[in-house]
Amino acid sequence: MNLFRPLSALSAILLAGSCVSTPSEDDLRNALFSNGRPAEAQAYGDFLVARFAAMTNDPETAAEYYAAAIDTAPEKSGIAERAVFSALLAGDYDSGVELAKRASQVGSEATLVRLTLGVDAMVRGKENEAAPYLDETEYGPFNQVIARGLSAWRIADKDGADAAEAYLRNGLSGDANLDSATLYMMGLLQMADKHDAAALATFETLWESGARLAVGVHAHAQLLVAEGDEARALEILQTFRDDIGENAGLDALRADILAGNRIKPTRLSTHEGAALAVYVPAAALMMQTDDDLSGVYFVLALALDPDLQVARSLWGQSLDNAGRRQEAIAVLSRIPKKSEFYATARGQMAWALRREERNQEALAVAADALASSPDRGLKIQLADLYRSLDRDNDAERLLSEIIAQDAEAGRQDWRIIYARGTTFEQTDRWKEAESDLKIALTLQPENASILNYLGYAYIDRGLNYDAALNMIRRAVELEPQSGYIIDSLGWAHYRMGRYELATRFLERAVELSPGVLLLNDHLGDAYWQMGRKTEARFQWQRALKLGPSPEDKARIEAKMTGGPMMPVLKKAESDTPAGPAVARQP
């Protein structure tokens, strides 16, 4: 995004037919913000443009205009700090470093400025120069963990692993849960210095405390195999997979162990270890936020170790989370095919392309991902992608493969069974759908989504309406603020001829989720049956503005004159429900 592009276009129009060349953006900025006014006016103008760019998710433009404001702004250091942040957020490490130097020169002592300069000194092999920037006493709790880890690797490079371990031990609280990040760095340092017995003891302490960090578990399993204990290594890898989920690096290690391949413990270099010191807290931060803030730290980690592909993968995910999908695709595309994270990255790319509505590209990338890896997690991800594109047969094939593999391993995953059941239901394979949905409900009897889906499917088919109504009522009790579930309850009463009661619930559903086509459509049907035909047409008109499919569009338009044609399942004697009902909320 370039905020001055419209101005440039306007200038070209105004100057058309003259001999004057089109001015540059710098010329325009000078004309707009200088014009005989004090230099501070230009700085304020640049600041406002930068601030707007930052607010509209354009960190590259923000960094450019913050940088332009540094020299002339009355309050230089604050603007310089913003410039550093924006440059790193845009993924421009070199500009971030240069801006950090300028920020330092104008007196900034900001955390990110010092951290960037400390990382840069280590990247250049100037550990002594890094020391004052990484003084952990000057940082807040989050960045203190990063500074401590960086300092440990700096000390190890300068004074040896024993000195680094002593430094880390001095910062321990005695609580393994609070000290987990520090202990993981200690174990990796011990391993790097070939103190394998000490490293193994450190990782065992962490494991027994319940800490589950993939990079630490990977090192732990490697050491166990080196000690000849493959069974214990496979046990902790399986436990991680069951408790936390799949991880490409750990799955690759597990496959190598099972294949009998030689496992050589990884000895990290100073830069590799320092990169992990930044990456580990950043990964934890990303899991707690929906924005791209963690990307700043992934950029620093990758400056220290450009081959840390797991950081690139999570950086791409953080960009996608923040809606910066073009940048996410560019970052993920840089993960090489030889990396164990290649298939995962291709899966992430496929979804980013799907969200950009580049569907054919998404399908091509998905096919490449599957060809590169039969990974279970990837299959789940791509099954969801296929379902979103109405490629239900492809989705069902992948989900069935997963269920068969799970059965061989003696387990049932209700999420996968439920997903396949909904896929069967969408493709009118009702017997298979009902079987899967009932199995999922047996595994998760108090799951509101399953109760609602199965109950609604029964009602829509005129089957088991008493049991279905009870399922939906229970779902409402579990999730009383869900517009979709309240709609199901209202629709159940509608199909049973209880129009007044149906209207109350359907109105509440639209209040909770006003922009959903199906909910507005259902409310229109209920209004029509109550004789409120003007209100019914209004609801159907709203539904038509919410992007209906051609089939839905034709169906809704047909109701505008003749009303709904959906048959009643069973005419109720009373509008009073037979069981507990959810009170209508104001």
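How many residues apart are tryptophan 414 and tyrosine 418 in helix 24? I started my notebook with that one. They are 4 residues apart in helix 24 (residues 414–426), so about one helical turn separates tryptophan 414 from tyrosine 418. A reminder to myself before I go on: this is a predicted model.

**Entry: the overall picture**

I looked up the totals next. The protein has 32 helices and 0 strands. I then checked burial, and 50% of the 586 residues count as buried. For the contacts with a separation of 6 or more, I found that 55% are between residues 24 or more positions apart.

**Entry: aromatic rings**

I searched the whole structure for aromatic pairs and got 9. Back to my opening pair: the ring centres of tryptophan 414 and tyrosine 418 are 6.4 Å apart and the planes stand at 40 degrees, so I noted this pair as tilted. Tryptophan 414 and tyrosine 418 are both buried.

I then turned to tryptophan 491 and tyrosine 494. Here the ring centres lie 4.6 Å apart with the planes at 5 degrees, and because planes under 30 degrees apart count as stacked, I wrote this pair down as stacked. Tryptophan 491 and tyrosine 494 sit 3 residues apart in helix 28 (residues 483–495), so about one helical turn lies between them. Both tryptophan 491 and tyrosine 494 are buried.

Which residues do ring pairs link into a cluster? I found Trp414, Tyr418 and Tyr453 joined in this way.

**Entry: helix 12 against helix 13**

At what angle do the axes of helix 12 and helix 13 cross? I got roughly 130 degrees for helix 12 (residues 196–209) and helix 13 (residues 214–226), with the axes coming within 10 Å. Helix 12 and helix 13 are therefore oblique to each other. The crossing of helix 12 past helix 13 is left-handed.

I listed the residues that meet there. Helix 12 brings Asp196, Ala199, Leu200, Phe203, Glu204 and Trp207, while helix 13 brings Gly216, Val217, Ala219, His220, Leu223 and Leu224. Sorted by class, the residues of this contact between helix 12 and helix 13 are 8 nonpolar, 2 polar and 2 charged.

**Entry: threonine 202**

While in helix 12, I stopped at threonine 202, which lies in that helix. Is threonine 202 buried or exposed? Its relative accessibility is 8%, so threonine 202 counts as buried. Setting aside residues up to four places away in sequence, I saw threonine 202 touch Leu183, Gly187 and Gln190.

**Entry: helix 10 against helix 11**

From helix 10, the contact takes in Ala161, Ala164, Glu165, Leu168 and Arg169; from helix 11, Thr182, Met185, Met186, Leu189 and Gln190. By class I noted 6 nonpolar, 2 polar and 2 charged residues in the contact of helix 10 with helix 11.

**Entry: arginine 232**

Next I went to arginine 232, placed in helix 14 (residues 230–243). Its relative accessible area is 16%, and since buried means under 20%, arginine 232 is buried. Which residues is arginine 232 in contact with, leaving aside its neighbours within four places in sequence? I found Glu204, Trp207, Glu208 and Leu224.

I finished with backbone angles.

Aspartate 428 has a positive phi of about 60 degrees although it is not a glycine. I found aspartate 428 in the loop between helix 24 and helix 25 (430–443). At 63% relative accessibility, aspartate 428 counts as exposed.

Asparagine 464 also has a positive phi, near 50 degrees. The loop that holds asparagine 464 runs between helix 26 (448–461) and helix 27 (465–478). With a relative accessible area of 45%, asparagine 464 is partly exposed.

Notes:
Residues numbered from 1 in each chain as written. Predicted model: local features only at pLDDT ≥ 70, side-chain atom pairs only at ≥ 80, totals over all residues. Heavy atoms only, no water. Axes fitted to C-alpha atoms, helices over the stretch in contact; angles between N-to-C directions. Helix = DSSP H or I, 4+ residues; strand = E, 2+ residues; numbered from the N terminus. Parallel < 35°, antiparallel > 145°, perpendicular 65-115°, else oblique. Left-handed = near helix turned anticlockwise from the far one by under 90°. Contact = heavy atoms within 4.5 Å. Nonpolar A, V, L, I, M, F, W, Y, C, P; charged D, E, K, R; others polar. Phe/Tyr/Trp six-rings, centres within 6.5 Å; stacked < 30°, edge-to-face > 60°. Buried < 20%, exposed > 50% of the residue type's maximum accessible area, 1.4 Å probe, protein only.
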